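Welcome! Keep the structure open beside you as you read.

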Amino acid sequence: SVTSSPERVKGRRGAGAWTGGGKALKDALAGEVLPVPFSFHWKTDVAGPKATVRLGAPFRQFSSRLGHEVPCDWCRPFSADGVGSSSPIEVAGEGFKVDLVLQVDKEEGPLFQTKTLTFLPRYVLCNRLDVPIELGQAGAEAAGTAVVEKDGGMAVVRWLDESKDRRVRLRLLPDENRNHEDWDWEWSGALSVETVGYTPVKVWAARRRADGS
């Protein structure tokens, strides 16, 4: 199972209960996560062994048939034979989906027959600004948003509404250290997560009047 650490977010339980950020994500990106041994059963399909993963604790989903929470669903089976390649994988929790990337590497020396499978989030927002950011799927902000802390905070992009495009929007959050409490920040335009390189982003703010309007 794939696990991570829950972070502070806004929204309903389940869909809005995870940013996938914080120390666990930084450790994974820095290569500081210890590997776990895994081997296939000796009885495999004629097409070759396949593996599957799912989100582990603390993530669960509610089963209307059983009337209580159950483990998350397994993802579609995938092959671990493609050494040196990266493959996209989609995992689902309660009310949200996350895109992962599987990297397959082959060890050297005495471990030359060992393969290392590394799972990383496919889309990560890293906040290099000196103010916190709120992140949400474009058109689905009401379902849940993630708070990305300032100065290097990270959050995994997750999709809450399959009927909406897989694009994101963001807005700045008030910073009490910079007297931003009297500002209202608007959402940016929808941003594509597939665009590589730099993309200009405009975020608008309006100062509240003395009467609160």
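Which residues does Phe78 touch, not counting residues up to four places away in sequence? In this predicted model, Phe78 touches Lys50, Ala51, Thr52, Val53, Ile89, Leu102 and Phe119. Let us start with the whole chain and then come back to Phe78.

**The whole chain**

- The secondary structure of the protein chain comes to one helix and 17 strands.
- The protein chain has 213 residues, and buried residues make up 34% of them.
- Take the contacts between residues at least 6 apart in sequence: 51% of these join residues at least 24 apart.

- The largest nonpolar core has 16 residues, and Phe78 is among the members that touch the most other members.
- Strand 7 gives the most, with four residues.
- There is also a second, separate core, made of 14 residues. Tyr123, Ile133, Leu170 and Trp185 are among them.

**Salt bridges**

Side chains of opposite charge can pair when their charged atoms come close.

- How many salt bridges does the structure hold? There are seven.
- One of them joins Glu90 to Lys97, with the closest N and O atoms 3.6 Å apart. Glu90 has 34% relative accessibility, so Glu90 counts as partly exposed. Lys97 counts as partly exposed too, at 26% relative accessibility.
- Another salt bridge brings together the side chains of Arg166 and Asp99, at 3.1 Å from N to O. Arg166 sits in the loop between strand 13 (158-159) and strand 14 (167-172), while Asp99 is in strand 7, so the pair ties together parts that are 67 residues apart in sequence.
- Are the two partners buried or partly exposed? Arg166 counts as partly exposed because its relative accessibility is 30%, whereas Asp99, at 9%, counts as buried.
- Glu141 and Arg169 also meet through their side chains in a salt bridge, at 2.7 Å from N to O. This pair links distant parts of the chain, 28 residues apart: Glu141 is in the loop between strand 10 (133-137) and strand 11 (144-148), and Arg169 is in strand 14.
- With 15% relative accessibility, Glu141 counts as buried. Arg169 has a relative accessible area of 23% and is partly exposed.
- Some of these charged residues belong to a network of salt bridges, which links Glu90, Lys97, Asp99, Glu162 and Arg166.

**A hairpin to look for**

- Strand 3 (residues 60-63) and strand 4 (residues 68-71) run antiparallel, and four bridges join them.
- Which residue of strand 4 stands opposite Phe62? Look for Glu69.
- The hairpin of strand 3 and strand 4 has four residues between the strands. In this hairpin, Gly67 takes a positive phi near 80°.

**A cavity and a pocket**

- The count comes to one cavity of 30 Å³ or more. The largest cavity has a volume of about 50 Å³.
- Which residues line the largest cavity? The lining is made by Leu135, Gly136, Gln137, Gly144, Val157, Arg158, Leu160 and Val168.
- Strand 10 gives the most to the lining of the largest cavity, with three residues.
- The second largest pocket has a volume of about 560 Å³. Its lining counts 20 residues, and Leu125, Leu170, Leu191, Thr199 and Val201 lie nearest its centre. Leu170 is a residue you have already met, as a member of the second core.
- Strand 9 (124-127), strand 10, strand 14 and strand 16 (191-192) each supply at least two residues of the lining of the second largest pocket. The largest share of that lining, three residues, comes from strand 14.

Technical notes: Residues are numbered from 1 along each chain as its sequence is written. This is a predicted model: local features need pLDDT of at least 70, side-chain atom pairs count only at pLDDT 80 or more; totals for chains, interfaces and linings use all residues. Side-chain values use heavy atoms; hydrogens and water are left out. A nonpolar core is a set of buried Ala, Val, Leu, Ile, Met, Phe, Trp, Tyr and Cys residues joined through side-chain atoms within 4.5 Å. Buried means under 20% relative accessible area, exposed over 50%, partly exposed in between (1.4 Å probe, protein chains only). Contact means heavy atoms within 4.5 Å. A salt bridge is a side-chain nitrogen of Lys or Arg within 4 Å of a carboxyl oxygen of Asp or Glu. Two strands pair if DSSP finds at least two bridges between them. On a 1 Å grid over the protein atoms alone, a cavity is a set of points where a 1.4 Å probe fits but cannot get out, and a pocket is an open set with protein on both sides within 12 Å along at least five of seven lines; lining residues have an atom within 4 Å of a point. Grid points are joined across faces, edges and corners, and a volume is the space filled by probe spheres set on the points.
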